[in-house]
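I opened this notebook to keep track of what I looked up, one entry at a time. The structure comes first, and my entries follow.

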Amino acid sequence: MKSWSCIENCGACCRFDLTERDDLSNILSSNDIALINSMSTKDGWCKHLDKSNKKCKIYESRPHFCRVNEFSTSFKGYLQNGDKFLINCCKQHISSIYGNKSNQMNAFKTAVTKK
Ligand code: SF4
Ligand code: SF4
């Protein structure tokens, strides 16, 4: 069985478009949404992402919704399907940012198969 894993040099989930995320409306608080809006730059990427290496510059103090292991338990899909849900979420993010045939997608598929 595949296990979810984050990969280096991705950051695909650090680009926000809340207008495309109806699924978050019941999960995020108004404070969360205000924080996300304050973190988003004009091109949609989080201002805390170091674009040169796709690392979070505030990793230790990142918001709760950036902590996958913690935040995932807010989703019915995770409670029902576990890592399969997370893997699909990452694939959607990676596909929309880098494409289905990107290096990031290949690296992610390899990472979740290896574990
Ligand atoms: S999209 Fe998934 S693999 Fe990529 S940075 Fe986010 S959690 Fe990690
Ligand atoms: S705070 Fe860090 S983990 Fe959260 S979206 Fe921004 S760069 Fe990504």
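I began with Lys54, which I found in the loop between β1 (49-50) and β2 (55-56); strands here are DSSP runs of E with at least two residues, helices are runs of H or I with at least four, and both are numbered from the N terminus. With 16 C-beta neighbours inside 10 Å, Lys54 counts as partly exposed, because a residue is called buried with 20 or more other C-beta atoms within 10 Å of its own, exposed with 12 or fewer, and partly exposed in between, the C-beta atoms being placed from the backbone. I also noted that phi of Lys54 is near 60°, a positive value in a residue other than glycine. Most residues other than glycine have a negative phi.

Before going on I wrote down the ground rules: this is a predicted model, in which local features need pLDDT of at least 70 and side-chain atom pairs count only at pLDDT 80 or more, while totals for chains, interfaces and linings use all residues. Residues are numbered from 1 along each chain as its sequence is written, and chains are lettered from A and ligands numbered from 1 in the order in which they are written.

Next I looked at Asn9, which sits in the segment before α1 (30-39) and has a phi near 60°, a positive value in a residue other than glycine. Is Asn9 buried or exposed? I found 10 other C-beta atoms within 10 Å, so Asn9 is exposed.

Gly11 is also placed in the segment before α1, but Gly11 is buried, with 23 other C-beta atoms within 10 Å. Leaving out residues up to four places away in sequence, Gly11 touches Leu49 and Lys54, where a contact requires that the two C-beta atoms, placed from the backbone, lie within 7 Å. I also checked Gln104, which is 93 residues from Gly11 in sequence, and the C-alpha atoms of the two are 9.6 Å apart in space.

I then turned to the ligands, taking as surrounding residues those whose C-beta atom, placed from the backbone, lies within 6 Å of the molecule. Which residues surround ligand 1? I listed Cys6, Ile7, Cys10, Gly11, Ala12, Cys13, Val68, Cys90, His93, Ile94 and Phe108. Helix α4 (residues 83-98) gives the largest share of this shell, three residues. By class I recorded nine nonpolar, two polar and no charged residues around ligand 1; Ala, Val, Leu, Ile, Met, Phe, Trp, Tyr, Cys and Pro count as nonpolar, Asp, Glu, Lys and Arg as charged, and the others, Gly among them, as polar.

Around ligand 2 I found Cys14, Met39, Cys46, His48, Leu49, Cys56, Ile58, Arg62 and Cys66. The shell of ligand 2 has seven nonpolar, one polar and one charged residues.

Lys47 was my next entry, and I located it in the loop between α1 and β1, where it counts as exposed with 11 C-beta neighbours inside 10 Å. Not counting residues up to four places away in sequence, Lys47 touches Met39 and Thr41. Lys47 and Cys14 are 33 residues apart in sequence, and their C-alpha atoms are 9.0 Å apart in space.

I then asked which residues form the largest nonpolar core. There are ten, namely Trp4, Ile7, Cys10, Ala12, Leu86, Cys90, Ile94, Met105, Phe108 and Val112, and the elements that give two or more residues to this core are α4 and α5 (103-114). Such a core is a set of buried Ala, Val, Leu, Ile, Met, Phe, Trp, Tyr and Cys residues joined through C-beta atoms within 7 Å. Met105 touches Ile94, Ser95, Tyr98, Gly99 and Asn100, again without residues up to four places away in sequence.

Last, I noted the whole protein, which has five helices and two strands and follows the pattern α-β-β-α-α-α-α along the sequence. Buried residues make up 12% of the 115 residues.
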